[in-house]
Amino acid sequence: MSRKRVEQILALASICFLFAAWFAGGVRSKGEILEQIKNISSQIQGVTQIRPQVFEGYRRGNPSEKLYIGIAGHPSYGGLLQVAIVVNSNQTIERVALLQDTDTGTYITKVLGNGVLDAFLGHKTSQFPQVDAVSGATLTSTAMIKGVEKAAASIHGSFQPKEKDAFSKEEVVKAAATLGLFLTAVFISSRFFRWNKKYARLGLLGVSTVILGGLYGAQFSLSSFVLLLSGGWTKGLGSYTSLICLILALLFFFTTRKNLYCAMICPFGGVQEGLGRITRCSPPRKREWMKWSARLFTLFAMGMALYFRNASNATYEPFGMVFSFIGSDALFALTILILLASLFVRRPWCTLFCPVTCVFDFLAFVRSWVPFNREPWNEGRKKEVAS
Amino acid sequence: MRFKLNFILILFVLFAGLCGYELNANLMASARNTTQSVRYVRSIENPGTANPKADGKDNADQNSPGQTPGIDLDEILKHTDLDG
């Protein structure tokens, strides 16, 4: 069996693995709501659903004391964030709970640690306290605050679930800037660009590092791929910029047959390349087993994230740490290691372990199967085999 | 040349180790949340601002009322001979 045939079988097997993980995740999450309510408090008994997102029960040992459980979600950075509140017959919030989130754990810990959810305890649903968003985790804290407000409105029967969260003006500006970066990349890589392509590429990389990385913190990662595949974005997102960036990267990858994102736009690639230019180091030579190990790692991370229906599970890249200074100790160590290594080998993370590179490698391989979009090298090889 | 090859090898192993550690932490947190089914619960009797625990370390039983050991200063003073 030829090497190409083996690779084709492995590619199909990985697609099957991802589909199986997604399907198993769907089976796992069935009937989760009632189980979650049971776990919010052992004091609540006789839970029945009275309206969409609203449940009624009574306090243990006192059936006359009614308790109402409202569940609501609001788009956060990584997808829908779902909270629940337990309200007694005096309309006082007795319990608050975080049921589901798809944000990076560090953000959630920061917001909960600042007592954003706890601030609602003891307040009446008609008199909410003024709760401020936590700096550095604004989208997550806003999602929690809005979630509690929506849950209370659901209990009162005044919440309209069909209401859509409108695209903010800021989001439109971010999307336009991202599109502008991609169009510039297309122009630079085209034959119509008559100036020095090397410096133009480096210039665009620098601009993109400042805009996408520094200002917007909107670099897409493996979790964005998972979010796109799992359909989690259909429930709403706090910010669509990284998803739009991913869609544009895929669109231009398939139409121009060039990975413009990694070469000219990736902000973390820009940081590494900038450091590498100081010492004029060469790229590392990657061995075959390293390439396959990184691919296997990426596939496993995507599969698990699809199974748990949590895109942030697949986040092990240091992008958040580099541009927002948020992440675990391991990511901090990884960031320092990459930045130091960038002085000795060019783009060490991109070449050795970046999951985005692995996904684009996979897509390039799959693209070569499409009859009207074959790679020139593949055509040449096909002719050789035929002759 | 040999030094560079070894350097890249060590770098790759460190990348894999740190990323593996991070991925494992993410998956363990998700598995724990699945088992407990609720990630974070606080009640009016036991608000968590003094000792917040996130990442699924809490469950409903830990927050049920009457389980928090407290210090009643009045009770202590009643049984204490303050005059020596």
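A polar contact is a pair of N or O atoms within 3.5 Å; within protein, one must be able to donate a hydrogen and the other to accept it, and residues adjacent in sequence count only if both atoms are side-chain atoms. With that in hand, let's visit the interface of chain A and chain B, where eight residue pairs are in polar contact, both residues at pLDDT 80 or more.

Before going on, please note that this is a predicted model, in which local features need pLDDT of at least 70, side-chain atom pairs count only at pLDDT 80 or more, and totals for chains, interfaces and linings use all residues. Residues are numbered from 1 along each chain as its sequence is written, chains are lettered from A and ligands numbered from 1 in the order in which they are written, and side-chain values use heavy atoms, with hydrogens and water left out.

Back at the interface, 59 residues of chain A are in contact with 42 residues of chain B (contact means heavy atoms within 4.5 Å). Together the two chains bury about 4,200 Å², 70% of it on carbon and sulfur atoms; buried area is the accessible area (1.4 Å probe) that two parts lose on being put together, summed over both. Between chain A and chain B there are zero salt bridges, a salt bridge being a side-chain nitrogen of Lys or Arg within 4 Å of a carboxyl oxygen of Asp or Glu.

Over all chains, the salt bridge count comes to eleven. One pairs Glu7(A) with Arg3(A), whose closest N and O atoms are 3.2 Å apart. These two residues lie about one helical turn from each other because they are four residues apart in helix H1 (residues 3–28) of chain A; helices (H or I, at least four residues) and strands (E, at least two) are DSSP runs, numbered from the N terminus.
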